[in-house]
2 protein chains.
Amino acid sequence: MAKKNETAIRPTRAENYPEWYQQVIRASDMAELSPVRGCMVIKPWGYALWENMVRALDDMFKATGVKNAYFPLFIPISFLEKEAGHVEGFAKECAVVTHHKLEKDKDNRLVPAGKLNEPLIVRPTSETIIGDAFARWIKSYRDLPMLINQWANVVRWEMRTRIFLRTSEFLWQEGHTVHATKKEAIDRTYMMLDVYKKMAEEYLAIPVITGEKTAAEKFPGAEITTCIEAMMQDRKALQAGTSHFLGQNFAKASEIRFQSAMETEEYCWTTSWGVSTRLIGGIIMTHSDDNGIILPPRVASAHVVLLPILKKNETNETVMEYTRSVAEALRKKTYHHGPVRVEIDDRNIGGARNWEWIKKGVPLRVEIGPKDMDADSVYVSRRDRDRKDSFAIQKDSFAEHICDLLDEIQDGLYQKALAFLKENTRNIDDLDEFNKFFTPESSGKPEIHGGFAISHWCGSADCELAIKERLNVTIRCIPFDREKEDGQCIHCGSHSEGRVVFAKSY
Amino acid sequence: MAKKNETAIRPTRAENYPEWYQQVIRASDMAELSPVRGCMVIKPWGYALWENMVRALDDMFKATGVKNAYFPLFIPISFLEKEAGHVEGFAKECAVVTHHKLEKDKDNRLVPAGKLNEPLIVRPTSETIIGDAFARWIKSYRDLPMLINQWANVVRWEMRTRIFLRTSEFLWQEGHTVHATKKEAIDRTYMMLDVYKKMAEEYLAIPVITGEKTAAEKFPGAEITTCIEAMMQDRKALQAGTSHFLGQNFAKASEIRFQSAMETEEYCWTTSWGVSTRLIGGIIMTHSDDNGIILPPRVASAHVVLLPILKKNETNETVMEYTRSVAEALRKKTYHHGPVRVEIDDRNIGGARNWEWIKKGVPLRVEIGPKDMDADSVYVSRRDRDRKDSFAIQKDSFAEHICDLLDEIQDGLYQKALAFLKENTRNIDDLDEFNKFFTPESSGKPEIHGGFAISHWCGSADCELAIKERLNVTIRCIPFDREKEDGQCIHCGSHSEGRVVFAKSY
């Protein structure tokens, strides 16, 4: 329990940002690292958040005509090899299945047995195995476009893991679409990025910059990778979602062809796009304060927790009854397509109970004691406001206005994050300033970085690499909304046609 | 396209049941085997069915207080070894991950590299990895009961695969609960079996027998395995779901302990329970006929397909408009918690279109031509009735009665399957009759078996094994509703206290 002037999360963001992040997750009871190297356990409070995100995304995908399907977990090595860039990108970090049973050895220890003729990798992404199916399914232009999505687990063996942000196994969706024309595939690439932007901004209250990746930062095998980039509270960038135009690369690798209306045989054009449980890390690092996470209402695991004040006396049962009636009234209200999600916590554990729900980030906490009951009211605390701003409100009026309150919190979180993004995004044209911006020592807080530097870049991969090697700063994207502007590359001084977004990143 | 007196699926059930099953799946476009040994691709029409099943089950689980979570895909071998029966059951069929990257060898071929210190298996089920988390999470009786469910993919390496029924990878849910008392854990075991029975009978229209498995057929590591068993149209049994009381076996293996209210340290009592995509195989083999599958409306991928009759003339656009207005009216209706699911198929491909939807099993097909439009009506065919029973109905009246129609189809499917189950379930007390019942040659249809024989069994594992070896017939369950009745074991003639269910099975 935090005392006055103390925070619930120690260390604070300013004291040690990476450790603060771990402690926020621990305090929220959302997830933990498992004993299996680099894999996480997503606990019920974290999984409920993911379920709400899944539902919102799934509805948006389906509204654009996408259908769900499911493809094998395992990919033969020979499939991975079909696309040169792709295998290059994923061979270094994939779990390899080599045997199909266990047997006791002479020391009576279980060891792998039943060696496979061809090893299988656990999917790091599914372009090649889905491409193989597409090649079978698509015969004619009448079969196109084919719009498929898969909700699945994927594995990318990570040496340094950080829960939600970088784990060996994570949950995601991967969309895969096939088109008859290049234009249609490119349009779909942008359309799905728009869905991600909408998800981030309208559901997760995370403002994002949209743009195109440089060649160095592209998805292995893509022609164009588009992305949404968000700014975390340590001012590092988080790549929160990507949508790829794959050209005909995977169509050629997997022989995905169709007969056109003119009866010619042609290669298809494909796209792929994905977001993952990494978004949960983004929510945490965008909205948490030194008392823990603040969940954006539209996807929150619960909207309201009711905290009946039980004093081991004869009023307890009536307080509980009153509490249940409040819950019932709230659950009858619809907040964005579903009923208001209400928890009741009737444990008698003193102030620790309140702090637990602060740390879990539930948008509204509602205390209900005998006095509130007598006044036909409830006592409401907003997670996004100070405790001293808590207020009593008539029970009926609370139920009446619950959705407005939730929307107000949702909007407040977004506006605050947007202000933070703007505040820490700066046009920089001077190399010294650029260097200083990205040198944390200068801020006195070694884990808090400069932010987004909007600077000129000549387009050379060498300059990009030099900056990366010197400062660990990368080009997050070439923003869609950049204006044509003559300038000088921040690294080499050569001519540049416009600015790009530089930042440190997760 | 099937001609008069011809069936859409060849061979028919009577001609070659196993091949008929494969052809029904192919014709329905629900799934296919993938190039990865024993793994399937679930195509959109099959996956939509699964999504509806998941939603219904998930709602039922949550209504009993269960929360979803997610645990690692990989399990260290040392975890599996903790429970002796468990490792015995799964070591023979698990995918083993031994390396974490691929490298080129001297012949420039990609080979496994980065050998792991301890191999990992891909979860065949998650008792041990979830038990490890429970041991960390549970401290006191106040933390109990803990009620967790996971939706996940699992892998059990199968040598002989049959799509949906037995594949190396499949999708399922696995519930895992922890309790302070034995009684509470046993109650939960039965409670979840009841959920499965409700799911099978009320949603999938599959009547089931509930009972307890014999020691030989129990889940590896369980004290009691309860199950729902259904009868397929070849009269073989399908184990459609299981719920296990695990006693303290896994609690002791994983050190899941709690401090009781009396401050003593005690081992917990656990349960686990699961159903999988195997249920889709059960739907197919219960409800399909020689023209393909018939989807039970409550979980059907779509409820209605609208088939506008377009004749490349000036009425086309008005027919399409009329069709869309029908779709809109139908989608406004709620059928069991969701809107009526409507597809429109406006392809101009003649009679093949109608047959495609018959084979896909959509409950209602609705033709709409200029004449129907003029009469303000639609022309409806029920998948569970003959084509000659199709009828015209006023458009408004159709929308008005759509839910009744769907319920009527749902109920009809259930009643038909129930009649079939009863018809092919027989008390048998004579060994010759028993042998004949299970010897397919006698029926002239080698793949159609006797059915369920309700016969006496003395309780000896030897008799059980002898019958299995001789006839490939197993005890499906000791039914919950069996009456105490003195009799003689069908195998050895010794005294028996009651009858059990014998059958061949998938």
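Which residues is C94(A) in contact with, leaving aside its neighbours within four places in sequence? They are I121(A), V122(A), P124(A), V155(A), R156(A), W157(A), K101(B) and L102(B), where two residues are in contact if their C-beta atoms, placed from the backbone, lie within 7 Å. C94(A) is also listed with V304(A), C94(B) and V304(B) as having the most contacts inside the largest nonpolar core, which has 297 residues. A nonpolar core is a set of buried Ala, Val, Leu, Ile, Met, Phe, Trp, Tyr and Cys residues joined through C-beta atoms within 7 Å. A residue is buried if 20 or more other C-beta atoms lie within 10 Å of its own, exposed if 12 or fewer, and partly exposed in between, with C-beta atoms placed from the backbone.

The model is predicted, so local features need pLDDT of at least 70 and side-chain atom pairs count only at pLDDT 80 or more, while totals for chains, interfaces and linings use all residues. Residues are numbered from 1 along each chain as its sequence is written, and chains are lettered from A and ligands numbered from 1 in the order in which they are written.

The relation between the chains comes next. Chain B can be laid on chain A by a turn of 180° and a shift of 0.0 Å along the axis, with an RMSD of 0.0 Å. The two copies are therefore related as by a two-fold rotation axis. For this comparison, copies are superposed by least squares on the C-alpha atoms of residues with pLDDT of at least 70 in both. V97(B) is the residue of chain B that comes closest to the rotation axis, with its C-alpha at 2.1 Å.

Where the chains meet, 45 residues of chain B are in contact with 45 residues of chain A. Strand β5 (residues 96-104) of chain B gives the most to the side of chain B that touches chain A, namely seven residues. Helices (H or I, at least four residues) and strands (E, at least two) are DSSP runs, numbered from the N terminus. By class, this side of chain B has 30 nonpolar, six polar and nine charged residues. Here Ala, Val, Leu, Ile, Met, Phe, Trp, Tyr, Cys and Pro count as nonpolar, Asp, Glu, Lys and Arg as charged, and the others, Gly among them, as polar. Because 100% of the interface residues of chain B are also interface residues in chain A, the copies meet through the same surface. Strand β5 of chain A and β5(B) run antiparallel and are joined by three bridges, and V97(A) stands opposite V97(B). Two strands pair if DSSP finds at least two bridges between them.

Within chain B, an open sheet of 11 strands has mixed pairing and the order β3-β7-β8-β14-β11-β10-β9-β24-β27-β23-β22. Its edges are β3 (67-68) and β22 (425-427) of chain B, each with a single partner strand, so one side of each is left without a neighbour in the sheet. Strands β10 (residues 224-231) and β11 (residues 237-245) of chain B pair in the antiparallel sense over eight bridges, and A230(B) has L238(B) in β11(B) as its bridge partner.

Chain A is assigned domain 1 (25-65 + 127-287), domain 2 (297-412) and domain 3 (425-503); such bounds come from an automatic or database domain assignment. The centres of domain 1 and domain 3 of chain A, taken over C-alpha atoms, are separated by 27 Å. Between them, 16 residues of domain 1 of chain A are in contact with 17 residues of domain 3 of chain A. On the domain 1 side of this contact, β9(A) gives the largest share, four residues. By class, that side has six nonpolar, three polar and seven charged residues.

Some backbone details remain. Most residues other than glycine have a negative phi, and most peptide bonds are trans. A cis peptide bond joins R10(A) and P11(A), with omega about -5°, and another joins R10(B) and P11(B), with omega about 0°. P11(A) lies in the segment before α1 (17-28) of chain A. A205(B), which is not a glycine, has a positive phi of about 60° and lies in the loop between α6 (182-203) and β9 (209-212) of chain B. A205(B) counts as buried because it has 26 C-beta neighbours inside 10 Å. D376(B), also not a glycine, has a positive phi of about 60°, but D376(B) counts as exposed, with 11 C-beta neighbours inside 10 Å.
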